[in-house]
Amino acid sequence: MKRAALLFCVLAACGGKPKAEPTSKVEPKHDEHANLPAEVVKFHDLLSPRWHAEKGPQRTKDTCTAVADFAATADSLVKLAPPTGSDATKWTATTKELADAVVALKTTCDAHDDAAFEEAFHHVHVGFHHVAETAGGEAEHHEGHEEGHEE
C-alpha cells in the first residue's frame, strides 16, 4: 500500500504545473544529464526552475536575482578543462557563448528591461544546451522546450 501511495505521489508531482518561484528542494537529476561534469549539472540546476517557471514578473525577478550565480557558474565552466571525449575547440566556444549570454542577461536585468528579458534568457537557455551537448549530454527534446515552456 505504501508503494502505491508513493507511486501516486510521484506521478501526481510530475503532472503538476511548474511553480512560479524556484524552490530550494534539490530536483532529481535527469538521465540526459547523468554523464555531465558537476559544473554543467550545477548550471542546469540553477537554470531549470527559473526556465520552467511561469513567464511574468516573478520569473524575471527570480532569474535576475540569481544572475550573479549564473555568472559565477558560467565562469567556472569557461575555466574547466574540456570533458574527456569532447571536442576541445567546441567546448571553448560553447562555454564562452554561455558566459556571453549570461553577461547579456545581466545587462538586461540591470537595465530592468522587461521587454528584452525573455530573449536574453532564451539565449542563456540555448547556450546551456550547447554546453551540455558538447560535454556529452543528450539534447533534450520535450514539447515546448526550445521555444520556452508551456503555460
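Predicted model: local features only at pLDDT ≥ 70, side-chain atom pairs only at ≥ 80, totals over all residues.

The link between Cys-64 and Cys-109 is left-handed, with -75° about the S-S bond. The two residues belong to helix H3 (residues 57-65) and helix H5 respectively, so the pair ties together parts that are 45 residues apart in sequence. The S to S distance in the disulfide of Cys-64 and Cys-109 is 2.0 Å, and a search of the whole structure finds one disulfide.

The table gives the relative accessible area of each.

| Residue | Relative accessible area | Class |
|---|---|---|
| Cys-64 | 21% | partly exposed |
| Cys-109 | 7% | buried |
| His-112 | 67% | exposed |

Cys-109 counts as buried because its value of 7% falls under the cut-off of 20%.

In soluble globular proteins, nonpolar side chains tend to be buried together. Here the largest nonpolar core has 27 residues, and Phe-43, Leu-98 and Val-124 are those with the most contacts inside it. Two or more residues of this core come from each of helix H2 (38-51), helix H4 (67-79), helix H5 (88-110) and helix H6 (114-134). Leaving aside residues up to four places away in sequence, Leu-98 touches Phe-43, Ala-74, Leu-77, Val-124, Gly-127, Phe-128 and Val-131.

**The packing of H4 and H5**

Two packed helices are described by the angle between their axes and the distance between the axes. How do the axes of H4 and H5 cross, and within what distance do they come? They come within 9 Å and cross at roughly 165°. Since angles over 145 degrees count as roughly antiparallel, H4 is roughly antiparallel to H5. The crossing of these two helices is left-handed. On the H4 side, the contact is made by Val-67, Phe-70, Ala-71, Ala-74, Leu-77 and Val-78. The residues of H5 in this contact include Trp-91, Thr-95, Leu-98, Ala-99, Val-102 and Leu-105.

His-112 is found in the loop between H5 and H6. Most residues other than glycine have a negative phi. The phi of His-112, in contrast, is positive, near 55°.

Definitions and conventions. Residues numbered from 1 in each chain as written. Heavy atoms only, no water. Core = buried A, V, L, I, M, F, W, Y, C linked by side-chain atoms within 4.5 Å. Buried < 20%, exposed > 50% of the residue type's maximum accessible area, 1.4 Å probe, protein only. Helix = DSSP H or I, 4+ residues; strand = E, 2+ residues; numbered from the N terminus. Contact = heavy atoms within 4.5 Å. Disulfide = S-S within 2.5 Å. Axes fitted to C-alpha atoms, helices over the stretch in contact; angles between N-to-C directions. Parallel < 35°, antiparallel > 145°, perpendicular 65-115°, else oblique. Left-handed = near helix turned anticlockwise from the far one by under 90°.
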